[in-house]
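My entries follow in the order of the search.

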Amino acid sequence: MLPAEVMQQAQAEFINWQNSGSSVMEISHRSKPFIEVAAAAEQDLRDLLAIPDNYKVLFLQGGGRGQFASVPLNIASPEQYSLHLQTGSWSKGAVSEAAKYTHTHVVAKDTVNADNKRIIPDIADWDLPEDILGNTAFLHYCPNETVDGVALHTPPKLPNVELVADMSSNILSAPINIADYGVIYAGAQKNIGPSGLAVVIVREDLLGKAQAQTPSFINFTLAAEHDSMYNTPPTYSWYLAGLVFKWLKAQGGVSAIHAKNLEKAQLLYSCIDELDFYHNNVAAEFRSIMNVPFTLANPELDAQFLAEAEATGLHALKGHRSVGGMRASIYNAMPLAGVEALVKFMREFAAAQD
Ligand SMILES: *Cc1c(COP(=O)(O)O)cnc(C)c1O
């Protein structure tokens, strides 16, 4: 979901942008007006996340998954290791892609506690062989597993190891300390804007390390040198991302949206926990505030649940095809009223089956 105000503004200026007589997507990415759009979007993102000056912000192509390859190609040599905390399907996907370009080592996988709830093992329990640690380029993790609804709310820090985070589904949902990370990346389509665009935040001293065969259009250093315009960037997505950043600033910024996100998630999880009719399998500490997966006690009612939800105007609740069940994605743009409507429906649906 994108903010309604942003969609309305984009619609209003679609054909005649800023009285130019053309659409923003028809003007050259090298024209002064577009360069202003691009620079404003970057500055607004820098303001929202308090990005220090020694980090570059890149607007690239290839979404989130593209970075699974771009990150190892750009900051690791084939002889080095990338370490991986594997907590769900996205961080798992990053391992197999990185393995094409570096050695990989999985330090830990998500597991279950005594109550059969999913948890992420503590760093003290990770597998960290000395010889691998001495030859490691970075540790990769996914703070918010979009499909699984498993989240790590504090960054895992290993001494002298660069931290890389796939924030595709949680960027801008809560304040973060950029300095904890070497690279942060996010496919745009969850909290930023249209799909296809990827935002990469990379500390400057990690540039210049790309493997020789790295395709130029995904080379972070070239992108940084050319203000993300080495090749033509996805201009319309960049423009729309800029509108979303302005909208977020008007909402009071990341801390303010975080408070709203917590309220939305709390409301939904308490409904699930209260009724035996619904179930979420993640331990409270590791629950996502963006993606809330849940199952019905009687899966035979899944299809009826989804059909009645759809008829009530509650869309896109079907769980990811790999896990089934239901999933409510409650990204920044989802208003509290949307979650209230879902909870009301869930309570009524459960009561009607008694
Ligand atoms: C959606 C998502 C991706 C994949 O993004 P694409 O743009 O489809 O490549 C990667 N990681 C996470 C955490 C995601 O949520």
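**Entry 1: the largest cavity.** I sorted the lining of the largest cavity by residue class and found five nonpolar, four polar and no charged residues. For this sorting, Ala, Val, Leu, Ile, Met, Phe, Trp, Tyr, Cys and Pro count as nonpolar, Asp, Glu, Lys and Arg as charged, and the others, Gly among them, as polar. The lining consists of Leu60, Ser216, Phe217, Asn219, Ala223, Ser228, Met229, Tyr230 and Asn231. I noted that the model is predicted, that local features need pLDDT of at least 70 and side-chain atom pairs pLDDT 80 or more, while totals for chains, interfaces and linings use all residues. Residues are numbered from 1 along each chain as its sequence is written, and side-chain values use heavy atoms, with hydrogens and water left out.

The volume of this cavity is about 50 Å³. My search of the whole structure returned four cavities of 30 Å³ or more. On a 1 Å grid over the protein atoms alone, a cavity is a set of points where a 1.4 Å probe fits but cannot get out; a pocket is an open set with protein on both sides within 12 Å along at least five of seven lines; and lining residues have an atom within 4 Å of a point. Grid points are joined across faces, edges and corners, and a volume is the space filled by probe spheres set on the points.

**Entry 2: the annotated positions.** I then consulted UniProt, where an unreviewed entry gives the feature "binding site" at Gly64, Arg65, Trp90, Thr146, Asp166, Gln189, Asn231 and Thr232. These positions span 169 residues in sequence, and their farthest two C-alpha atoms are 29.9 Å apart, so they do not all gather at one spot. Of these residues, Asn231 belongs to the lining of the largest cavity. The UniProt positions are given in the numbering used here, feature names are shortened, and annotations may be inferred rather than shown by experiment.

**Entry 3: Asn231 and Thr232.** I located Asn231 in the loop between α6 (220-225) and α7 (235-250); helices (H or I, at least four residues) and strands (E, at least two) are DSSP runs, numbered from the N terminus. Thr232 lies in the loop between α6 and α7.

I next listed contacts (heavy atoms within 4.5 Å). Leaving aside residues up to four places away in sequence, Asn231 touches Gln61 and Phe217. With neighbours within four places set aside, Thr232 is in contact with His29 and Gln61.

**Entry 4: the largest pocket.** I recorded a volume of about 370 Å³ for the largest pocket. Its lining has 16 residues, and the closest to its centre are His315, Ala316, Leu317, Ser329 and Met334. At least two lining residues come from each of β14 (326-329) and α10 (336-352). By class, I found ten nonpolar, four polar and two charged residues in this lining.

Entry 5: The contact takes 28 residues from domain 1 and 25 residues from domain 2.
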